[in-house]
Amino acid sequence: MGCQSKVAECLPCGYGYVVLTAVGSVFVNVWHALNVMQARKKHDVKYPQLYGPEDKKEFNCIQRAHQNYLELWPEFLTLLLLGGLQHPRVAAGAGAVYLVGRIVYAKGYSTGDPEKRQYGAFGMAGMIVLLGNTICFAFHLLKWNPLKAIKS
């Protein structure tokens, strides 16, 4: 118990928001998985088949939305958890934007019309902010100030 409190004391104020955002990403993943399971039943796509035949376009779009989420999940969590060490509220807010964008992306993609996935593209703005936030954290750790070099 004492060890946990020491770790918590080292984390910045507001880091709990980052943790809650990370937990939220688990719920988004579960939501995706449930969508795929329901679509398997609806479209009669059996395991272990990852995708259905061409005439199962709606199922394939639902499955692809989940796969795309999984492909970006490690990067998302890395950027969220590291960048959040310096600016936790920025990281949590950007993470929330990203997750809402992924839900909108999946809802559009799940219609069977792949073009409708673009409605969730705004979520990538959250990912870009997370990337910038994490780069800023790295510069801080290395005591680099790129603006100082420009002024010289």
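Contact here means that heavy atoms lie within 4.5 Å of each other. In this predicted model, Leu-130 makes such contacts with Phe-76, Leu-79, Leu-80, Ala-91, Ala-94 and Gly-95, its neighbours within four places in sequence being left aside. Leu-130 is also one of the residues that touch the most other members of the largest nonpolar core. The mean pLDDT of the protein chain is 93.

**Confidence of the model**

- A pLDDT of at least 70 is reached by 95% of the residues, and the chain average is 93.
- Where pLDDT is low, predicted coordinates should not be read in detail.

**The largest nonpolar core**

- This core holds 15 residues, of which Phe-76, Leu-80, Leu-99 and Leu-130 touch the most other members.
- Helices α2, α3, α4 and α5 each contribute at least two residues to the core.
- Helix α3 provides the largest share, with 5 residues.
- In soluble globular proteins, nonpolar side chains tend to be buried together.

**Packing of α3 against α4**

- Two packed helices are described by the angle and the distance between their axes.
- Helix α3 spans residues 57-83 and helix α4 spans residues 88-109; they pack at an angle of about 175 degrees, and their axes are 10 Å apart.
- An angle over 145 degrees counts as roughly antiparallel, and α3 and α4 are therefore roughly antiparallel to each other.
- On the α3 side, the contact is made by Cys-61, Arg-64, Ala-65, Asn-68, Tyr-69, Leu-72, Phe-76, Leu-80 and Gly-83.
- On the α4 side, the contact is made by Ala-91, Ala-92, Gly-95, Tyr-98, Leu-99, Arg-102, Tyr-105, Ala-106 and Tyr-109.
- By residue class, the contact of α3 with α4 comprises 13 nonpolar, 3 polar and 2 charged residues.

**The loop between α2 and α3**

- Asp-44 is located in the loop between α2 and α3.
- The phi angle of Asp-44 is near 55 degrees, a positive value in a residue other than glycine.
- Pro-48 is also placed in the loop between α2 (residues 15-43) and α3.
- The peptide bond that joins Tyr-47 and Pro-48 is cis, with an omega of about 5 degrees.

**The loop between α5 and α6**

- Lys-143 is placed in the loop between α5 (residues 123-142) and α6 (residues 146-151).
- Although Lys-143 is not a glycine, its phi is positive, at about 60 degrees.
- The relative accessibility of Lys-143 is 74%, so this residue counts as exposed.

**Selected residues of α2**

- His-43 belongs to helix α2.
- With a relative accessible area of 14%, His-43 is buried, because values under 20% count as buried.
- Apart from its neighbours within four places in sequence, His-43 is in contact with Lys-56, Glu-58 and Phe-59.
- Met-37 is likewise found in helix α2.
- Met-37 has a relative accessibility of 40% and therefore counts as partly exposed.
- Met-37 and Leu-77 are 40 residues apart along the chain, and their C-alpha atoms are separated by 25 Å.

**A selected residue of α5**

- Met-127 lies in helix α5.
- The relative accessible area of Met-127 is 9%, so this residue is buried.
- With its neighbours within four places in sequence left aside, Met-127 is in contact with Leu-72, Phe-76, Leu-79 and Tyr-98.
- Met-127 and Lys-57 are 70 residues apart in sequence, and the C-alpha to C-alpha distance between Met-127 and Lys-57 is 28 Å.

Note on methods: Residues are numbered from 1 along each chain as its sequence is written. This is a predicted model: local features need pLDDT of at least 70, side-chain atom pairs count only at pLDDT 80 or more; totals for chains, interfaces and linings use all residues. Side-chain values use heavy atoms; hydrogens and water are left out. Axes are lines fitted to C-alpha atoms, for helices over the stretch in contact, and angles run from 0 to 180 degrees between N-to-C directions. Helices (H or I, at least four residues) and strands (E, at least two) are DSSP runs, numbered from the N terminus. Angles under 35 degrees count as roughly parallel, over 145 as roughly antiparallel, 65 to 115 as roughly perpendicular and the rest as oblique. Ala, Val, Leu, Ile, Met, Phe, Trp, Tyr, Cys and Pro count as nonpolar, Asp, Glu, Lys and Arg as charged, and the others, Gly among them, as polar. Buried means under 20% relative accessible area, exposed over 50%, partly exposed in between (1.4 Å probe, protein chains only). A nonpolar core is a set of buried Ala, Val, Leu, Ile, Met, Phe, Trp, Tyr and Cys residues joined through side-chain atoms within 4.5 Å. pLDDT is the predictor's confidence in each residue, from 0 to 100.
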